[in-house]
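Here is a set of questions and answers on one protein chain, written for a reader who has the sequence and the coordinates open.

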Amino acid sequence: MSSSSKALLSIPLLAFFLTAADPPSEVDSALRSRVQQFYQLQVDRKFREAEQIVAADTKDFYYESRKPDIQKFDISGIQYASDFLSAKVTLTSQMTIMIPGTAPRQMNIPFSSTWKVEDGKWCWYVDQSTLLDTPFGRARPKTDAAAENVANLKERISSGNLMDGVHADVTRLQLDPANPKLQTVTLKNTLPGPVSIQSITLSPGLKIAIAKPDLAADESTTVTVEPVAGEPDHPKQLLLRIGPLGQVIQIALEYPAAK
């Protein structure tokens with residue numbers, strides 16, 4: 001093969017490695033530092049200081065949004081764009097969750113945030129052209145039509161409907177870790193607007209899968225739960241958070257009596 005042919009073949013190969021490679025260490029270090037700084041300021045309730053880490057197109061949203069009650073957090077993963085100028089950061093945070101009928105509980109909640117390079121620095125931002133459920137609240141498109149839709153939605157449903165807008169077809173599941181089998185919960189969105197579904201039960205003893213985490217009005221989905229053989233952790237409840245409503249669906253988990 002001629003040297004020119006080898007050179008031509010090396011171009012797409014090089015491009016592949018550039019897009020598939022790990023981020024440069026300085027890029028990864030800079031992002032992790034900014035993420036750490038931003039969320040530590042949330043933990044410390046220093047929201048005004050955190051504004052310097054917010055992208056220009058998200059500052060109004062940040063000013064107007066409720067601030068999450070984060071007690072502590074960990075970075076669990078980062079997914080970079082091919083040009084390393086934007087990224088999706090996955091975190092796990094400890095937050096206080098309000099569950100109707102019970103006392104507030106501290107839980108570890110997984111969530112993701114989006115970041116981009118602005119003026120040479122990584123900045124937290126929210127794409128407000130689409131609905132996005134974040135610990136800072138539900139971002140909505142800043143258009144007159146969107147505002148009108150939100151107003152109409154509030155008129156059509158009461159606060160009681162909001163807290164019971166997604167229905168589960170069962171209230172309890174029987175699980176047997178000695179004979180693991182899939183158990184299924186069907187959820188239906190009875191509200192006239194979209195919702196998101198997230199499991200806030202995190203346990204090595206359960207495999208939990210949500211078939212469709214985002215539901216439009218009148219749509220349904222299934223959540224499958226399977227115990228993990230040999231794992232001693234047996235959670236007593238499956239808790240499903242419905243965003244952006246604050247509804248928490250509780251499914252009791254029952255196990256065979258110990259012999």
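**Salt bridges, core and strands**

Reader: In this predicted model, is aspartate 69 buried, partly exposed or exposed?

Author: The relative accessibility of aspartate 69 is 38%. Because buried means under 20% and exposed over 50%, a value of 38% places aspartate 69 in the class between them, and aspartate 69 is partly exposed.

Reader: Which residue forms a salt bridge with aspartate 69?

Author: The closest N and O atoms of the pair are 3.9 Å apart, and a salt bridge requires a nitrogen within 4 Å of a carboxyl oxygen. Aspartate 69 lies in the loop between helix 4 and strand 1, and its partner, 24 residues apart from it, lies in the loop between helix 2 and helix 3. That partner, itself partly exposed at a relative accessible area of 43%, is arginine 45.

Reader: How many residues apart in sequence are the parts tied together by lysine 116 and aspartate 57?

Author: Lysine 116 and aspartate 57 form a salt bridge, with their closest N and O atoms 2.7 Å apart. Lysine 116 belongs to strand 3, whereas aspartate 57 sits in the loop between helix 3 and helix 4, so the parts that this pair ties together are separated in sequence by 59 residues.

Reader: Which element supplies the largest share of the largest nonpolar core?

Author: The largest nonpolar core has 31 residues, and Leu31, Phe38, Tyr39, Trp115 and Trp124 have the most contacts inside it. Several helices and strands each supply at least two residues of this core, among them helix 4 and strand 3. The largest share, seven residues, comes from helix 2.

Methods:
Residues numbered from 1 in each chain as written. Predicted model: local features only at pLDDT ≥ 70, side-chain atom pairs only at ≥ 80, totals over all residues. Heavy atoms only, no water. Core = buried A, V, L, I, M, F, W, Y, C linked by side-chain atoms within 4.5 Å. Buried < 20%, exposed > 50% of the residue type's maximum accessible area, 1.4 Å probe, protein only. Helix = DSSP H or I, 4+ residues; strand = E, 2+ residues; numbered from the N terminus. Salt bridge = Lys/Arg side-chain N within 4 Å of Asp/Glu carboxyl O.
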